[in-house]
Amino acid sequence: MKNLLTTPLVIFALLAPLNAGADFEKGVAAQLSGEYATAAHEYKKAAEQGDAWAQTNLGVMYENGQGVLQDYKEAVRWFRLAAEQGIAQAQTNLGFMYENGEGVIQDDKEAVKWYRLAAAQGHARAQANLGVMYANGEGVLQDDKEAVRWYRLAAEQGHARAQANLGVMYANGE
C-alpha cells in the first residue's frame with residue numbers, strides 16, 4: 001500500500017521538470033511576440049518549479065517592468081534563485097543590481113562576488129564589468145593588470161565596451 005501512494009509522487013516529481021520546460025517555452029514564445037504579461041505568467045509557473053532560466057527571464061521582466069510592475073526587489077529575488085543554480089546571466093544581473101543598489105543595498109563587494117562567478121564561466125559582460133570594478137577599485141583593490149586581464153577576456157569575445165576600455169587603458173599606458 002505504501003508503494004502505491006509513493007509511486008504517483010515519484011511520477012509527478014519526474015514530470016514536473018517537463019511541465020516547467022513547457023511553461024518556459026510558452027514564456028519565450030509569448031515574449032518574442034510581445035505578449036509580456038503572458039510571458040511573465042508562463043515564466044512564473046516554470047520559475048516556481050525551479051527552472052533557472054525561467055527565474056532569470058522573470059527577473060529581467062521585473063527589472064524592466066515588462067508584463068509586470070517594475071519591482072527591483074522581485075527581480076533580485078528571481079536572479080538570486082537562478083544565480084545560486086549557477087546561471088551566469090543571472091549572476092551577472094545580480095551583480096549589476098548590487099553594483100547599482102537596485103532592489104538591494106548597494107554593495108560593490110557583493111557585486112564583485114557575483115561578477116566573478118559569472119566571469120569564471122566565460123560570461124563576457126561579467127568579465128567586462130569585473131574589469132571596470134578593478135579599474136576603479138570598486139569592491140576590490142584597484143589593479144590595472146587585473147582590469148586589463150578581464151577586459152581582454154571580454155574583448156576577445158567581441159564585447160564592444162571591453163574593447164573600448166582595453167584600448168583606453170593601452171593608450172594611457174596602463
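## What "buried" means here

A residue counts as buried when its relative accessible area is under 20%, as exposed when that area is over 50%, and as partly exposed in between (1.4 Å probe, protein chains only). With 17% relative accessibility, Asn57 therefore falls into the buried group.

Before going on, a word about the model. It is a predicted one, where local features need pLDDT of at least 70, side-chain atom pairs count only at pLDDT 80 or more, and totals for chains, interfaces and linings use all residues. Residues are numbered from 1 along each chain as its sequence is written, and side-chain values use heavy atoms, with hydrogens and water left out.

## The overall picture

The protein chain has nine helices and zero strands, where helices (H or I, at least four residues) and strands (E, at least two) are DSSP runs numbered from the N terminus. Read along the sequence, that gives the pattern α-α-α-α-α-α-α-α-α.

The protein chain has 174 residues, and 42% of them count as buried. Its accessible surface is about 9300 Å², with 57% of that belonging to carbon and sulfur atoms; such areas come from the Shrake-Rupley method with a 1.4 Å probe, and for residues only the protein chains shown count as cover. Now take the contacts (heavy atoms within 4.5 Å). Among those between residues at least 6 apart in sequence, 43% join residues at least 24 apart.

## A closer look at helix H3

Asn57 sits in helix H3, which covers residues 52-64. Setting aside residues up to four places away in sequence, Asn57 touches Phe24, Gln31 and Tyr43. H3 as a whole is mostly covered, with 10 of its 13 residues buried. Among them are Ala52, Gln55, Leu58, Met61 and Tyr62.

How far does H3 reach from its first C-alpha to its last? The answer is 18 Å, close to the 18 Å expected for its 13 residues at 1.5 Å a residue (the expected span is 1.5 Å times one less than the number of residues). At the N-terminal end, Asp51 caps H3, with a side-chain oxygen 3.0 Å from the backbone nitrogen of Trp53. Just after H3 comes Gly65, which takes a positive phi of about 70 degrees.

## Salt bridges along the helices

Side chains of opposite charge can pair when their charged atoms come close. A salt bridge is a side-chain nitrogen of Lys or Arg within 4 Å of a carboxyl oxygen of Asp or Glu, and the structure holds four of these. One of them links Lys45 and Glu42, at 3.2 Å from N to O. Both residues lie in helix H2 (residues 36-48), three residues apart, or about one turn of the helix. Glu42 is buried because its relative accessibility is 10%, whereas Lys45, at 29%, is partly exposed.

Another salt bridge joins Glu74 and Arg77, at 2.7 Å from N to O. These two are in helix H4 (residues 72-83), and because Glu74 and Arg77 are three residues apart, about one helical turn separates them. Glu74 has 18% relative accessibility, so Glu74 counts as buried, while Arg77, at 41%, is partly exposed. In helix H8 (residues 144-155), Arg149 and Glu146 are also three residues apart, so they too are separated by about one helical turn. Their side chains meet in a salt bridge of 3.2 Å, N to O. Here Arg149 is partly exposed at 37%, and Glu146 is partly exposed at 21%.

## The nonpolar core

A nonpolar core is a set of buried Ala, Val, Leu, Ile, Met, Phe, Trp, Tyr and Cys residues joined through side-chain atoms within 4.5 Å. Which residues touch the most other members of the largest one? Out of 48 residues, they are Tyr43, Leu58, Leu94, Leu130 and Tyr151. Helix H7 gives the most to this core, with seven residues. As for Leu94, the residues it touches are Val76, Phe79, Arg80, Ala83 and Trp114, not counting those up to four places away in sequence.

## A glycine in a loop

Gly122 lies in the loop between helix H6 (108-120) and helix H7 (124-136). Is Gly122 buried or partly exposed? Gly122 is partly exposed, because its relative accessibility is 27%. Leaving aside neighbours within four places in sequence, Gly122 is in contact with Gln127 and Gln157. The C-alpha atoms of Gly122 and Leu153 are separated by 8.1 Å, although the two residues are 31 apart along the chain.

Conventions. Polar contact = N/O pair within 3.5 Å; in protein donor to acceptor, adjacent residues only side chain to side chain.
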